[in-house]
Each structure stands twice: as C-alpha cells, then as structure tokens.
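Subject: Structure handover

Hello,

Here is the structure for you to look over. My notes follow below it.

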Amino acid sequence: MLFALAGSAAALAGLTQVPVIYVDADDTRAYEIAIIENAQRNDLDLVTETLVGFQFLSRRLNLSTDEIVSYLHHVRKGRREDDLGVERLLRDMYGTGVSVWGQQRALILRMTAAERDAIQARRVDAKVCAELVALPEGDIRSALLERAVHEGLTARQVRELVRTE
C-alpha cells in the first residue's frame, strides 16, 4: 500500500522514477528512524521536538523522564560519566548535546499546557516561557504568560517581571 501511495504521489509530481531506500528494521529501529526523520523537519516546533525526544530517550534507555533529566544533570555537572552514550545520540539526532537537553529542554517539561500551546502556536518564544517556570503554577504565572503574548514581551522583560513577583 505504501508503494502505491508513493507511486501515486510520484505520478502527480510527474516523476517516472522514485529513489527508495529500503531498510529491514525491527519495530525498535523503525521507531528510531521515524524519530530521527521527524527531528530533521524544519517546521517542527521546539515543544513537540522536546517531548518526542524525551519519549524516545525513555524508550531507548528504559528510564523514566525524571530519571533521564537527573541523568542529564549529573552528566552535565561531571558527577557521572555518560555511560549510556546520550551525548552522541542527542548530537546525531538533534545537533545538540547533554548540556542543552539537561538545561533548556528539561525546562519545557516543567511548563504548563498553556505555555506549551503558546510556543507551539508561535505566539511566544520558548525562552519567554522558560522564564515563567521560576514561578509556581497559578494565576500570576498565567497572567504573565498572557501579558507576554499580548505585549510581545522578551525573555529579559519577563525575567524582570518574574523577579518582582
């Protein structure tokens, strides 16, 4: 069925030949290939990329998300060797390593659904919401998110507002 769909798409595009790479892969490898392919999309938002990345790491390493965040933190701080090879894996898939995932991407896990939605809808930059994570969830944090969206506040401006709360 997949070949028929690809053939139809090729015909619509006016192609008579389609380059194909055939990979004999088990379910685990097929999942990894799909994640790598997805990570390389230009239109993928940071939240989706991060959530899928942590899901992939969880599945690949057989660790919970919290355990992965802890592992990344310890490796980044030099308290543990990267015996699981996460640095190489992240560099191969995302072009960034343990430091970025341990600091910046882990913050996305602490964001509220509204903050993630705002980032995904490109109404606000992820750096703005990263500043909001310093506040406890609640009315003040929600109000600052709305203000940041409506006024187009920068991360620096939000950081200053968070400090006054």
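**Overall fold**

Along the sequence the pattern of the chain reads α-α-α-α-α-α-α-α-α-α. That is ten helices and zero strands. Helices (H or I, at least four residues) and strands (E, at least two) are DSSP runs, numbered from the N terminus.

Some ground rules. This is a predicted model: local features need pLDDT of at least 70, side-chain atom pairs count only at pLDDT 80 or more, and totals for chains, interfaces and linings use all residues. Residues are numbered from 1 along each chain as its sequence is written, and side-chain values use heavy atoms, with hydrogens and water left out.

The radius of gyration of the chain is 20 Å, whereas a compact globule of 165 residues would be near 15 Å. That radius is taken over C-alpha atoms, and the globule rule is 2.2 Å times the number of residues to the power 0.38. Along the principal axes, the C-alpha atoms fill a box of roughly 65 × 45 × 20 Å. Buried residues make up 35% of the 165. Buried means under 20% relative accessible area, exposed over 50%, partly exposed in between (1.4 Å probe, protein chains only). Of the contacts with a separation of 6 or more, 52% join residues 24 or more positions apart. A contact here means heavy atoms within 4.5 Å.

Start with α4. Its twelve residues should span 16 Å at 1.5 Å a residue, and its end C-alpha atoms are 16 Å apart, which agrees. The expected span is 1.5 Å times one less than the number of residues. Ile68, Tyr71, Leu72 and Val75 are buried in α4. They cover an arc of only 100° around the axis, so they sit on the same side of α4. The arc is that of the directions from the helix axis to the C-beta atoms. The general rule: an α-helix has 3.6 residues a turn, so residues three or four places apart point the same way. The buried residues of α4 pack against α3, α5 and α6. After α4 comes Gly78, with a positive phi near 80°.

Ile68 lies in helix α4. Its relative accessible area is 1%, so Ile68 is buried. Leaving out residues up to four places away in sequence, Ile68 touches Phe54, Leu57, Ser58 and Leu63.

Now α6, residues 98-109. This helix has twelve residues and reaches 15 Å from first C-alpha to last, close to the 16 Å expected. In α6, Val98, Trp101, Gly102, Arg105, Ala106 and Ile108 are buried. Their arc around the axis is only 140°, which puts them on the same side of α6. They pack against α3 (46-61), α4 (65-76), α5 (86-94) and α7 (113-120).

**Nonpolar cores**

The largest nonpolar core has 21 residues. Ile119, Val124, Leu145 and Val158 have the most contacts inside it. Such a core is a set of buried Ala, Val, Leu, Ile, Met, Phe, Trp, Tyr and Cys residues joined through side-chain atoms within 4.5 Å. Helices α7, α8 (126-132), α9 (139-151) and α10 (155-164) each give two or more residues to this core. Apart from it lies another core, of 18 residues, including Ile68, Tyr71, Leu89 and Val98.

What does Leu145 touch, not counting residues up to four places away in sequence? Ala114, Glu115, Ala118, Val124, Cys129 and Leu132.

**Salt bridges**

There are eight salt bridges. The rule is a side-chain nitrogen of Lys or Arg within 4 Å of a carboxyl oxygen of Asp or Glu.

- Glu115 and Arg141 form a salt bridge (2.7 Å, N to O). Glu115 lies in α7 and Arg141 in α9, so the pair ties together parts that are 26 residues apart in sequence. Glu115 is buried at 1% relative accessibility, and Arg141 is buried at 4%.
- Glu87 and Arg91 also form a salt bridge (2.7 Å, N to O). Both lie in helix α5, four residues apart, about one turn. Glu87 is partly exposed at 26%, as is Arg91 at 46%.
- Arg163 and Glu160 form a salt bridge (3.0 Å, N to O). They are three residues apart in helix α10, about one helical turn. Arg163 is exposed at 57%, while Glu160 is partly exposed at 41%.

Best regards
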